[in-house]
Structures are given as C-alpha cells and as structure tokens.
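A short report on them is wanted.

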Amino acid sequence: MASIKQVQITFDCAEPERVARFWCEVLGYEPPAPPEGFASWDEYNNAQPAEKRDRWFWCTDPTGVGPRLFFQRVPEGKVVKNRLHLDVRAGTGLVGAERLAALEAERDRLTALGAVHLYTQYADGEEESCITMQDVEGNEFCLD
C-alpha cells in the first residue's frame with residue numbers, strides 16, 4: 001500500500017472566503033490569486049450565477065510545508081461540537097507563565113479578527129496551559 005504524501009483539510013461553512021481569510025491571518029497562509037481573467041475574487045464571484053457565488057475558497061502555506069485548507073459552502077449550519085479541530089501551536093517550547101503569556105497574546109490577536117475565546121485551561125502540574133476558541137463561524141480550535 002502506498003503512503004499518502006499530502007493532505008488537505010476541508011471546512012464546511014456558510015461563507016468560504018470569509019472563513020478562509022480568517023485562517024490565512026491565523027496561520028500566515030496565503031489566499032489564491034483570482035482566476036485568470038479576473039482582477040479580484042469579488043469580480044469573479046459577481047460574474048457567476050447567484051447559486052455559484054462564494055461556493056468555495058482555499059488557502060495555502062507559502063512555505064509549502066503545511067496542508068492546503070479548503071473551504072466549501074454547505075446549506076446546513078454548525079450544530080454541535082467539532083469532532084476534529086486544529087491546534088494552533090502558539091506556545092511550542094514555552095512553559096509556565098511564558099507559555100500562558102504567548103497564548104494570551106495570540107488569543108487577543110485572534111479575538112480582534114473575529115475569533116471567540118471559549119475558555120482557558122491553566123497548567124496543572126501535568127499539562128501545560130491551552131486556550132480553546134472558535135473561528136468566525138463557530139468552529140472550535142485550540143491555541144497550545
């Protein structure tokens with residue numbers, strides 16, 4: 001059996017471009033250039049029939065290391081907690097108060113972008129601190 005070389009992470013959402021641009025800011029990813037012949041994504045979307053506008057969007061890691069994130073419009077809204085979530089590694093290598101300060105700074109940056117802080121789990125002697133948040137459409141993710 002051949003091994004898988006790459007993965008793409010797909011988000012079901014109501015507003016693909018909005019959610020994708022949020023995650024670009026979170027991760028330092030880049031959105032794609034508009035399709036050939038269009039000066040912007042707005043111009044491209046406006047040229048589409050209403051039912052095909054803002055159906056999908058994606059973003060990629062400019063270094064080529066991280067997976068592509070793909071965002072697709074679905075008719076149903078988010079109802080329950082995610083069964084899969086992203087951990088944004090904002091405190092890697094840090095411990096104690098230094099780690100918590102780095103996580104809180106990232107929490108504040110992302111809150112300004114529209115994320116919601118759900119709760120903070122403080123270090124307890126076994127586990128280090130982490131912060132649970134929601135993106136602009138309510139998908140949970142962690143800062144760790």
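The report below takes salt bridges, then cysteines, then surface patches.

This is a predicted model.

**Salt bridges**

Side chains of opposite charge can pair when their charged atoms come close. The count here comes to six salt bridges.

| Pair | Closest N to O distance |
|---|---|
| R18 and E15 | 3.6 Å |
| D144 and R89 | 2.7 Å |

Take D144 and R89, which form a salt bridge. This pair links distant parts of the chain, 55 residues apart. D144 lies in the segment after β7 (140-143). R89 lies in the loop between β4 (86-88) and α3 (96-112). D144 is buried, at 14% relative accessible area. R89 is exposed, at 55%.

R109 and E106 pair within a helix. Both sit in helix α3, three residues apart, so about one helical turn separates them. R109 has a relative accessible area of 33% and is partly exposed. E106 is at 16% and therefore counts as buried, the limit being under 20%.

R18 and E15 also form a salt bridge. R18 is partly exposed at 41% relative accessibility. E15 is partly exposed as well, with a relative accessible area of 37%.

**Cysteines**

How many disulfides does a search of the whole structure find? The search finds zero. C13 is in no disulfide, and its nearest cysteine sulfur, that of C59, is 11 Å away. C24 is in no disulfide either; the nearest cysteine sulfur to C24 is that of C59, at 3.8 Å.

Are C13 and C24 buried or exposed? C13 counts as buried, at 2% relative accessibility. C24 counts as buried too, at 7%.

**Surface patches**

E127 is found in the loop between β5 (116-121) and β6 (130-134). E127 counts as exposed because its relative accessibility is 55%, and exposed means over 50%.

Another patch is nonpolar. V116, L118 and Y119 make up this surface patch of about 250 Å². Y119 has its place in strand β5. At 42% relative accessibility, Y119 counts as partly exposed.

Terms used:
Residues numbered from 1 in each chain as written. Predicted model: local features only at pLDDT ≥ 70, side-chain atom pairs only at ≥ 80, totals over all residues. Heavy atoms only, no water. Helix = DSSP H or I, 4+ residues; strand = E, 2+ residues; numbered from the N terminus. Buried < 20%, exposed > 50% of the residue type's maximum accessible area, 1.4 Å probe, protein only. Disulfide = S-S within 2.5 Å. Patch = residues over 30% accessible without salt bridge, like charges linked within 9 Å, V, L, I, M, F, W, Y side chains within 5 Å. Areas by Shrake-Rupley, 256 points an atom, 1.4 Å probe, with all protein chains shown as cover. Salt bridge = Lys/Arg side-chain N within 4 Å of Asp/Glu carboxyl O.
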